[in-house]
Amino acid sequence: MNEKKENRNPFRRVSHISPVKDIIEYSFSRSQSAIAKKQKKRRTREEKIAANEKAKVTVLATEIITRLDNIVTKFPSIDQLHPFYREICDLIGGTNKIKKILGRISGISRQIEKIKVELIEKLDQTNHPVIMAEIRREAGGRFVSLVKKAQGDIKQLIRLVKQLKAVPDFDVSLPTVVVAGAPNVGKSSLVREISTGTPEIGEYPFTTKKIIFGHWDLLYTIAQVVDTPGLLDRPFKERNIIELQSITSIRHISDIIVFMFDLSKETALPQEEQLNLFNDIIEKFPETPFIKVLNKVDLLSPTEIEEAQTSLNQDFNISTLTKEGIPNFTIKLKEALNQVIKTNEKFKSLLQLEIAEEYIHKSDEKMDYDI
Ligand SMILES: Nc1nc2c(ncn2[C@@H]2O[C@H](COP(=O)(O)OP(=O)(O)OP(=O)(O)O)[C@@H](O)[C@H]2O)c(=O)[nH]1
Ligand SMILES: [Mg+2]
């Protein structure tokens, strides 16, 4: 169970990050109500005042420090993230930038701690109530101006975490089909057709702007089906964040790539560019098995489909609109996935389930024999 949870989006576990204004307000209210613990021995009026002032400064510093430190420690360790989430995190926020933000926040927390120690010492050196109150006010002023330095960083972090929490959960232990292709070829329509995923379908290119997961029941397990934003035929460094999410899914989580083509008149990208794109992807990820699918055959004549076969050499002809070719495609995709499960080391644990089934079967046979 725990293992499964760890496979999920780690940013979902990040707890609420308070803006600086709330940190200040909350810490001051705690500090104001702070009074020194009662001592057994009788104390003079000055001693009581000194103890209370020290308590106020300590509580104020501790409350701010705890909140700042929590932001840093509760943030998932970037270097230990699954490569998929690390790359997505890099795309959305820039991992170096995030590390710097976290570093600055903990730096401010350490500075507050240092000033607290310094001012407590200063409080120890006087027994004058007016000076003590002045030192306490000085502490408040210095803490606030320091914590305000983190205002921009914390604001950015709140925005980033919100975006990162929206990245779907994926489970490393499950086989994953990534549906990719040029914009508007029908990727989302296919994902809706074969899985529980419900991505938006639109007549215009780039309807899908982020990765969307659906699930699909297989014989012994479920598979994840990933809908990705459309890709254009262009060099890697010119790709935008939306496209790069597709590449990230292909790179880190795809066990099979379903690459879709659209050769109808509606196509957003000419056939040649779709082929360039396909070749570019399989060259970059030569280890990942792929299936080539020609969609929207309802819009093509038999001659056009035949011609496509020569130029694309596609594995399947389908129409997600009329459902033509879909049953055959799903059967074959399931077979391919079961093959991946059998041959890929990382799905060993799923196969053990299969062995368990066989074992149950064998013990049934044995019982028959005994009777
Ligand atoms: N005629 C026909 N239209 C289809 C077929 N499949 C999808 N469409 C239409 O093509 C358009 C794009 O479909 P989507 O499923 O959103 O395509 P996509 O590849 O996810 O598009 P992006 O997310 O924008 O890259 C929609 O208007 C669909 O209704 C099909 O087999 N035949
Ligand atoms: Mg789409």
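To get going: in which sense do strand β1 and β4 pair, and over how many bridges?

Modeller: Happy to, and keep in mind that this is a predicted model. Strand β1, residues 176–181, pairs with β4 in the parallel sense, over five bridges.

Now step back to the whole sheet. It is an open one of six strands, in the order β2-β3-β1-β4-β5-β6, and its pairing is mixed. β2 (212–217) and β6 stand at the edges with a single partner strand each, so one side of each is left without a neighbour in the sheet. As background, strands of a sheet pair through backbone hydrogen bonds, either parallel or antiparallel.

Let's stay with β4 for a bit. Seven of its seven residues are buried. In a regular strand the side chains alternate between the two faces of the sheet. Here both faces of β4 are covered: one side has I256, V258, M260 and D262, the other has I257, F259 and F261, and all of these are buried.

Pick I257 and look at what it touches: leaving out residues up to four places away in sequence, the list is V178, A180, I250, I281, T288 and F290.

Next, move across from β4 to strand β5 (residues 290–295). These two strands run parallel and are joined by six bridges. Along that pairing, F261 has L294 in β5 as its bridge partner, and D262 stands opposite N295. To follow the chain between the two strands, go through helix α10, residues 271–284; β4, α10 and β5 make a right-handed β-α-β unit.

The chain then carries on from β5 through helix α11 (residues 302–312) to β6, and this β-α-β crossover is right-handed. β6 covers residues 316–317 and pairs with β5 in the parallel sense over two bridges. There, the bridge partner of V293 is F316 in β6.

Two lysines in the loops are worth a look. Most residues other than glycine have a negative phi, and most peptide bonds are trans. K296 has a positive phi of about 60°, although it is not a glycine. You'll find K296 in the loop between β5 and α11. K296 has 24 other C-beta atoms within 10 Å, so it is buried. K323 has a positive phi too, of about 75°, and is not a glycine either. K323 sits in the loop between β6 and α12 (326–343). K323 counts as exposed because it has 11 C-beta neighbours inside 10 Å.

Last, have a look around ligand 1. Of the 23 residues around it, G186, S188, S189, T208 and G230 come nearest. By class, that shell has eight nonpolar, 11 polar and four charged residues. Helix α8, residues 187–194, gives the most to the shell, with three residues.

Conventions. Residues are numbered from 1 along each chain as its sequence is written. Chains are lettered from A and ligands numbered from 1 in the order in which they are written. This is a predicted model: local features need pLDDT of at least 70, side-chain atom pairs count only at pLDDT 80 or more; totals for chains, interfaces and linings use all residues. A residue is near a molecule or strand if its C-beta atom, placed from the backbone, lies within 6 Å of it. Helices (H or I, at least four residues) and strands (E, at least two) are DSSP runs, numbered from the N terminus. Ala, Val, Leu, Ile, Met, Phe, Trp, Tyr, Cys and Pro count as nonpolar, Asp, Glu, Lys and Arg as charged, and the others, Gly among them, as polar. Two strands pair if DSSP finds at least two bridges between them. A crossover is right-handed if, with the strands pointing away from the viewer, the path from the first strand over the helix to the second runs clockwise. Two residues are in contact if their C-beta atoms, placed from the backbone, lie within 7 Å. A residue is buried if 20 or more other C-beta atoms lie within 10 Å of its own, exposed if 12 or fewer, and partly exposed in between; C-beta atoms are placed from the backbone.
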